[in-house]
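Me: Hi! Could you walk me through this fold before I set anything up?

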Amino acid sequence: MPRFVRLFAFVAVLAIVPGTRPLAADEPAKQKFCPIMTTDEIDPDNAKTVEYKGVKILLCCDTCVAKWKREPSAYLDSKLIPGLAGKELPKREIEQIYCPVLKERKVSSKDAFTMYKGVKVYFFNDVAKQRFEKDPERYADPKLLPQLPKK
């Protein structure tokens with residue numbers, strides 16, 4: 001019997017045997033990335049966890065746990081945390097979402113900031129702030145900094 005026929009027969013048996021079930025198409029997707037350091041993959045066995053409205057949220061490290069505790073609303077993103085899909089989420093306190101230096105890391109209104117062109121620019125950490133202050137034009141991308149004055 002060809003391999004694909006055996007596989008089809010096995011799947012068909014699973015569909016009718018009581019106590020077994022194939023994965024449902026409507027099962028929520030699993031969280032794969034940290035909602036703060038957005039490109040850091042999460043290892044569910046070693047992740048730090050917090051909870052928001054009954055949803056278990058995985059974070060990559062203690063730094064992210066501390067950031068989360070200071071301002072959870074800054075990191076609520078159903079694209080990164082599929083368990084939040086369909087839930088009403090609070091508005092972020094600031095318009096800026098990402099650090100202009102560490103571009104895949106989210107920021108909050110509790111993070112380090114500097115004044116630039118009359119507005120606050122927030123940073124993931126003090127090192128990113130120092131880099132920005134040395135060469136602001138290099139990092140002042142209006143796509144990442146929507147609070148900048150329009151030209």
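**Aromatic cluster and core**

Reply: Happy to. Tyr116, Phe123 and Phe132 form one aromatic cluster. Keep in mind that this is a predicted model.

Me: How many aromatic pairs does the structure hold?

Reply: There are four aromatic pairs. One of them joins Tyr116 and Phe132 edge-to-face, with 5.3 Å from centre to centre and 85° between the planes. That pair links distant parts of the chain, since Tyr116 belongs to strand β3 (residues 113–116) and Phe132 to helix α3, 16 residues apart.

Me: Nice. What about the largest nonpolar core, how many residues does it have?

Reply: The largest nonpolar core has 38 residues. Those with the most contacts inside it are Ile36, Ile57, Leu59, Trp68 and Phe132. Two or more residues each come from β1 (48–52), β2 (55–59), α2 (62–70), β4 (119–122) and α3 (126–134).

Me: Which element gives the largest share?

Reply: That would be β2, with four residues.

Me: Let's zoom in on Ile57. What does Ile57 touch?

Reply: Leaving aside residues up to four places away in sequence, Ile57 touches Gln31, Pro35, Lys48, Thr49, Val50, Tyr52, Trp68 and Ile81.

Me: Trp68 turns up again there. Which residues of α2 are buried?

Reply: In α2 the buried residues are Cys64, Val65, Lys67 and Trp68. Seen down the helix axis, the buried residues of α2 fall within an arc of 165°, so they line one face of the helix.

Me: Got it. What do the buried residues of α2 pack against, and what is on the face turned away?

Reply: The buried residues of α2 pack against β1 and β2. The face turned away from the buried side carries the exposed residues Asp62 and Lys69.

Me: Switching to the strands. How do β3 and β4 run, parallel or antiparallel?

Reply: β3 and β4 run antiparallel, joined by four bridges. Lys120 in β4 stands opposite Met115. The hairpin of β3 and β4 has two residues between the strands, and Lys117 takes a positive phi near 50° there.

Me: Last topic, the overall layout. What is the order of elements from the N terminus?

Reply: The elements run α-β-β-α-β-β-α-α, with four helices and four strands in the protein. Buried residues make up 36% of the 151 residues. Among contacts between residues at least 6 apart in sequence, 45% join residues at least 24 apart.

Me: Great, thanks!

Conventions
Residues are numbered from 1 along each chain as its sequence is written. This is a predicted model: local features need pLDDT of at least 70, side-chain atom pairs count only at pLDDT 80 or more; totals for chains, interfaces and linings use all residues. Side-chain values use heavy atoms; hydrogens and water are left out. A nonpolar core is a set of buried Ala, Val, Leu, Ile, Met, Phe, Trp, Tyr and Cys residues joined through side-chain atoms within 4.5 Å. Buried means under 20% relative accessible area, exposed over 50%, partly exposed in between (1.4 Å probe, protein chains only). Contact means heavy atoms within 4.5 Å. Rings of Phe, Tyr and Trp (its six-membered ring) pair if their centres lie within 6.5 Å; planes under 30 degrees apart count as stacked, over 60 as edge-to-face and the rest as tilted. The arc is that of the directions from the helix axis to the C-beta atoms. Two strands pair if DSSP finds at least two bridges between them.
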